[in-house]
Amino acid sequence: MTDTADKAPDTTATDTPPPQREALLEVDHVTLRFGGVVALNDVNFTLYKGEILGLIGPNGAGKTTCFNAMTGVYTPTQGEIRFRGERVSGRARHKITQLGIARTFQNIRLFPEMTALENVMVGADAHHKTSVPSALFRLPRFWKEERSGRDRAHDLLRFVSIERPGELARNLSYGEQRRLEIARALATSPTLLCLDEPAAGFNPAEKDALLKLIRKIRDTGVTVLLIEHDMRLVMGVTDRIVVLEFGKKIAEGLPAEVRDNPAVIAAYLGVPTDAA
Ligand SMILES: Nc1ncnc2c1ncn2[C@@H]1O[C@H](COP(=O)(O)OP(=O)(O)OP(=O)(O)O)[C@@H](O)[C@H]1O
């Protein structure tokens, strides 16, 4: 993770839109109010299977609220969110995980006193079929799931380049902890992975490694939704970008289109659109 710090990221991923346009997640005219605050205002976009979609916007634009609405933390005031055609709005969080949506958080939320391996195995539990009696009495199904969960957790740790599965999460480096969160989310075998500012606090070399990891995740067939403030990373890794400002969608398109969009430039520079 040290030799690529100053190289511009490979932007080939931005040249071609995804070949298949099968809708995976539809945010259908979603409005979400917190009292007087309109955190999302008639937001409408579709995430297609197999793509890496960036969700960007200045602080307070509504990005995390949008993630929270997709993952069952909040129910939209108006509109709905559909995943593979099924309504997710208002469903319990664990049901949404079982449908195939996983996420990481802006602030690291690991179990610090558990090992890296155990943290990932907790993620895999979302799909375990072991009944309570089977777990209590250690019936064969329990051991079978325990073993396969452990093997898969080892594979996932290798996938995110964590070499110390037995280390307590709190003893891992900051970068490792962030990657461990990703491994734990992947352990739920998601169809869609939502990453909330995964590069926060990373140095350029760590960002380059993360860019490669996100592509590797997509190459395994997982669709990725990425909230990220680092424009170099966003422009380098996403296929398309949706831009929010004050809860409204102000732009959507290929990274190059979004980068040159006057409304987006104005939103980031904090000047009125017609002055940009
Ligand atoms: N639980 C809540 N109660 C009240 N207001 C909220 C709540 N969550 C978010 N908001 C407000 O909704 C708006 C959107 O916030 P949100 O966190 O979604 O923005 P963001 O784009 O993720 O910002 P950042 O980049 O700073 O994380 C903000 O005005 C915020 O203060």
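Predicted model: local features only at pLDDT ≥ 70, side-chain atom pairs only at ≥ 80, totals over all residues.
**View 1**
Averaged over the protein, pLDDT comes to 86, and 83% of the residues reach 70 or more. The stretch to be careful with is residues 1-13, where pLDDT stays under 50. For that stretch, the model has 18 contacts beyond four places in sequence. As for the complex, the predictor gives an ipTM of 0.95 and a pTM of 0.84.

**View 1. Who sits around the ligand?**
Look for F34, V37 and A39, then G57, and then the run N59, G60, A61, G62, K63, T64 and T65: these are the residues around the ligand. Sorted by class, this shell has four nonpolar residues, six polar ones and one charged one. Which elements each supply at least two residues of the shell? They are β2 (37-48) and α1 (63-70). The largest share, three residues, comes from α1.

**View 2. A hairpin made of β1 and β2.**
Strand β1 covers residues 23-34 and pairs with β2 in the antiparallel sense, with eight bridges between them. To get your bearings, find L32 and look across to L40 in β2, which stands opposite. The two strands form a hairpin with two residues between them.

Is α1 mostly covered or mostly open? Mostly covered: seven of its eight residues are buried. Those buried residues are K63, T65, C66, F67, N68, A69 and M70. K63 and T65 also belong to the group around the ligand. Here's a handy rule for reading any such view: an α-helix has 3.6 residues a turn, so residues three or four places apart point the same way. After α1 comes G72, whose phi is positive, near 85 degrees.

Nine residues of domain 1 are in contact with nine residues of domain 2. On the domain 1 side, α2 (93-99) and α7 (204-219) are the elements that give two or more residues. The most come from α2, with three residues. By class, the domain 1 side has four nonpolar, four polar and one charged residues.

Methods: Residues numbered from 1 in each chain as written. Near = placed C-beta within 6 Å. Helix = DSSP H or I, 4+ residues; strand = E, 2+ residues; numbered from the N terminus. Nonpolar A, V, L, I, M, F, W, Y, C, P; charged D, E, K, R; others polar. pLDDT = per-residue confidence, 0-100. Contact = placed C-beta atoms within 7 Å. Pairing = 2+ DSSP bridges. Buried ≥ 20, exposed ≤ 12 C-beta atoms within 10 Å, placed from the backbone.
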